[in-house]
Amino acid sequence: MIPVNEPKLNDEGLELLKDAYLSGWISSAGRYVDEFEDAWAQYCGAEYGIAVSNGTTALQVAVEAVGVGQGDEVIMPTYTIISCALAVVRAGATPVLVDCDPLTWCMNVEHIEGLITDRTKAIMVVHIFGHPVDMDPIMALAAKYDLKVIEDAAEVHGALYKSNRGTNKEVWKKCGGIGDISTFSFFANKLITTGEGGMVVTNSVELAEKSKDLRNLCFRTDRRFLHTELGYQFRFTNVQAAIGLSQVREIEEIVERKRWIAKEYSSRLQHISQLQLPYEHDWARNVYWVYALVLGDEIPFDAKFFADKLRERGIETRPFFLGMHAQPALTDLRFFEGESYPVTDRIASRGLYLPSGLALTLDQIEDVASAVVDILTPYVSA
Ligand SMILES: *Cc1c(COP(=O)(O)O)cnc(C)c1O
């Protein structure tokens with residue numbers, strides 16, 4: 001079976017891991033946590049990094065740090081992982097959904113302004129599958145309506161966005177370094193992995209301090225064990241940081257490898273009409289976190305059937321996310337009543353992603369691509 005995601009860990013990581021172990025600093029204090037936070041924040045073009053236990057808890061910290069609370073609304077994509085809505089709902093706020101763009105599968109930026117109300121506190125941007133969201137219009141809305149921008153960058157380590165296009169101030173920015181606060185995941189299938197792990201990144205000293213407090217039970221420095229606010233225990237360990245640091249040092253090679261995988265797949269699949277492949281705007285560097293496909297309408301089966309066919313050929317895949325509006329855990333709370341998000345519903349039933357891990361070989365890519373071609377050829381015109 002060709003696994004959907006096999007990570008590729010480097011030798012330096014083992015050296016640093018061993019060093020962390022032998023030093024005895026295996027809990028959440030230790031030099032590697034600081035070095036990892038600094039190195040990753042700096043790479044993103046931000047001042048502060050606050051490492052936490054995973055990408056989901058990073059979102060919880062970010063949402064609370066910017067002050068989202070009871071009665072507030074947060075505008076966010078429906079097409080994303082549950083972690084995003086969970087953080088909003090757990091903070092007592094209401095997620096307000098936006099459908100996705102059919103080309104990039106990122107939130108449709110044009111739908112946002114019409115959803116802003118007196119209760120809107122923040123826009124949560126989620127860069128999907130490696131491709132950046134068009135950030136300039138979102139930052140402009142945030143300035144106009146005094147909103148915070150939370151960037152979920154869990155799928156876009158190293159992705160680039162060209163800002164100020166068409167002016168003499170054009171500049172490429174890193175995803176995760178654009179909004180007020182951003183979050184990353186370092187789960188095993190992400191571009192950088194520490195097994196489990198996450199980080200909050202920001203340029204604001206206030207948001208950084210608040211995030212650190214929330215990560216560690218809101219301890220106070222003036223009187224140990226006196227608490228005036230409720231926090232969490234979302235700490236990250238020195239052992240994990242040692243693994244992560246080695247990967248930050250090779251992030252550009254990791255990105256190049258992902259882009260190579262995508263190029264190899266695309267060159268073998270682009271002739272199939274009726275198969276939508278990952279897109280890259282000229283203002284974006286897509287890091288192709290996963291290599292995703294959407295079946296065209298003329299293909300007489302859905303992604304579930306397609307995935308079963310690929311599995312029979314020894315190829316593991318994953319289905320697309322389901323929209324937040326289709327999650328019983330949320331609709332049971334009476335969110336999103338009567339709302340519909342047709343683009344998301346369509347890709348949720350017709351999309352899947354192919355093996356895309358960093359350990360993938362050219363032979364495996366060829367096998368996967370041939371299987372896709374074989375299965376689809378009877379149904380598409382050449
Ligand atoms: C993976 C992911 C997360 C959650 O990260 P965990 O580390 O698994 O908690 C959050 N948001 C997005 C967009 C993700 O892809």
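Reader: Which residues of helix 8 meet which residues of helix 12?

Author: W260, I261, E264, Y265, R268 and L269 in helix 8 meet L362, I365, E366, V368, A369, V372 and V373 in helix 12, where contact means heavy atoms within 4.5 Å. Helices (H or I, at least four residues) and strands (E, at least two) are DSSP runs, numbered from the N terminus. This is a predicted model, in which local features need pLDDT of at least 70 and side-chain atom pairs count only at pLDDT 80 or more, whereas totals for chains, interfaces and linings use all residues. Residues are numbered from 1 along each chain as its sequence is written, and side-chain values use heavy atoms, with hydrogens and water left out.

Reader: How many nonpolar, polar and charged residues does the contact of helix 8 with helix 12 have?

Author: By class, the contact of helix 8 with helix 12 has 10 nonpolar, no polar and 3 charged residues; Ala, Val, Leu, Ile, Met, Phe, Trp, Tyr, Cys and Pro count as nonpolar, Asp, Glu, Lys and Arg as charged, and the others, Gly among them, as polar.

Reader: What angle and what axis distance describe the packing of helix 8 and helix 12?

Author: Two packed helices are described by the angle between their axes and the distance between the axes. Helix 8 and helix 12 pack at about 35°, and their axes are 10 Å apart, the axes being lines fitted to C-alpha atoms over the stretch in contact, with angles from 0 to 180 degrees between N-to-C directions. Their crossing is right-handed, that is, the near helix is turned clockwise from the far one by less than a right angle.

Reader: How do helix 9 and helix 12 pack, and why are they called oblique?

Author: Helix 9 (303-312) and helix 12 pack with their axes 10 Å apart and at an angle of about 125°. They are therefore oblique to each other, since angles under 35 degrees count as roughly parallel, over 145 as roughly antiparallel, 65 to 115 as roughly perpendicular and the rest as oblique. Helix 9 and helix 12 also make a right-handed crossing, and the contact joins F306, K309 and L310 of helix 9 to A371, V372, I375 and L376 of helix 12. The residues of this contact comprise 6 nonpolar, no polar and 1 charged.

Reader: Which residues of helix 12 are buried, and against which elements do these residues pack?

Author: Q364, I365, V368, A369, A371, V372, V373, I375 and L376 are the buried residues of helix 12, where buried means under 20% relative accessible area, exposed over 50% and partly exposed in between (1.4 Å probe, protein chains only). These buried residues pack against helix 8, helix 9, strand 10 (275-276), strand 12 (291-295) and strand 14 (351-354). At 1.5 Å a residue, the 15 residues of helix 12 (residues 362-376) should span 21 Å, and the end C-alpha atoms are 21 Å apart, which agrees; the expected span is 1.5 Å times one less than the number of residues.

Reader: Where do helix 3 and helix 6 make their contact?

Author: The axes of helix 3 (residues 55-65) and helix 6 (residues 205-215) come within 9 Å and cross at roughly 130°, so these helices, too, are oblique to each other. Helix 3 passes helix 6 in a right-handed crossing, with V61, E64 and A65 of helix 3 touching L207, K210, S211 and L214 of helix 6. That contact divides into 4 nonpolar, 1 polar and 2 charged residues.

Reader: What is the phi of D146, and what is that of N164?

Author: Most residues other than glycine have a negative phi, and most peptide bonds are trans. D146, although not a glycine, has a positive phi of about 60°, and its place is in the loop between helix 5 (135-145) and strand 5 (148-152). At 69% relative accessibility, D146 counts as exposed. N164 also has a positive phi, near 55°, and lies in the loop between strand 6 (160-163) and strand 7 (171-174), where N164 counts as partly exposed at 30% relative accessibility.

Reader: Is E73 buried or exposed, and what is R249 in contact with?

Author: E73, in strand 2 (residues 73-77), is buried, with a relative accessible area of 13%. Leaving aside neighbours within four places in sequence, E73 is in contact with T94, V96, T117, R119, T120, K121 and A122. R249, in the loop between helix 7 (238-248) and helix 8, counts as partly exposed at 48% relative accessibility; with neighbours within four places in sequence left aside, R249 is in contact with E12, L16 and E35.
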